[in-house]
Amino acid sequence: MAKIYATGRRKASIAKVWLTPGTGNITINGLSLDAWLGGLEAKKLRVKQPLALTKQDTSVDIVASTMGGGFGGQADALRHGISRALVTFDPALKTILKPEGMMTRDSRVVERKKPGKRKARRSRQFSKR
């Protein structure tokens, strides 16, 4: 079977995911998942969540490339990309992933800074006297 490609996005992060049948290896930006995320165990679990839910964690290999944002956004983008690749791999898995919210692109992004404000909504401190 050929490689299956999918894209995942979150905040400013983009993850390109290639899924092939295999033994459960996950490679991100040329590193293993443990080397890429280090001690961030919660983020590792979020990346592996679609594989664990569909019981595909030992039957597919994943090679991914991430860019933009930080580790949190990249991990969530990777999770979205893996979910989309799994559904392309086996459309029956959509019934498992969709109720868990894995197929939905989280569209929340940073609000832009407005003129006359310190941040997006934070105003300068008001002085009455």
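Before I start, one cut-off to keep at hand: I call a residue buried under 20% relative accessible area, exposed over 50%, and partly exposed in between. I also remind myself that this is a predicted model.

**Overall fold.** I looked up the secondary structure and got 4 helices and 5 strands. Reading along the sequence, I noted the order β-β-β-β-α-α-β-α-α. The C-alpha trace spans about 70 × 30 × 20 Å along its principal axes. The radius of gyration is 18 Å, while a compact globule of 129 residues would come out near 14 Å. I found 34% of the 129 residues buried.

**Salt bridges.** The count came to 8. I picked Asp76 and Arg46, whose closest N and O atoms are 2.8 Å apart. This pair ties together distant parts of the chain, with Asp76 in helix H3 (residues 71-89) and Arg46 in helix H2 (residues 41-54), 30 residues apart. Buried or exposed, I asked of Asp76? Asp76 is buried because its relative accessibility is 16%, whereas Arg46 at 34% is partly exposed.

Next I checked Asp106, which bridges to Arg108, again with 2.8 Å between the closest N and O atoms. Arg108 counts as exposed at 56%, and Asp106 as partly exposed at 24%. Both pairs belong to a salt-bridge network of Arg10, Arg46, Asp76, Asp106 and Arg108.

**Positive patch.** I listed Arg112, Lys113, Arg118, Lys119, Arg122 and Arg124 as a positive surface patch. Arg118 sits in the segment after helix H4 (94-97) and is partly exposed at 43%.

Note on methods. Residues are numbered from 1 along each chain as its sequence is written. This is a predicted model: local features need pLDDT of at least 70, side-chain atom pairs count only at pLDDT 80 or more; totals for chains, interfaces and linings use all residues. Side-chain values use heavy atoms; hydrogens and water are left out. Patches are made of residues with over 30% relative accessible area and no salt bridge: like charges are joined within 9 Å, nonpolar side chains (Val, Leu, Ile, Met, Phe, Trp, Tyr) within 5 Å. Accessible areas come from the Shrake-Rupley method with a 1.4 Å probe; for residues, only the protein chains shown count as cover. A salt bridge is a side-chain nitrogen of Lys or Arg within 4 Å of a carboxyl oxygen of Asp or Glu. Lys and Arg count as positive and Asp and Glu as negative; His and the chain ends are not counted. The place of a charge is taken as NZ of Lys, CZ of Arg, CG of Asp or CD of Glu. Helices (H or I, at least four residues) and strands (E, at least two) are DSSP runs, numbered from the N terminus. Buried means under 20% relative accessible area, exposed over 50%, partly exposed in between (1.4 Å probe, protein chains only). The radius of gyration is taken over C-alpha atoms; the globule rule is 2.2 Å times the number of residues to the power 0.38.
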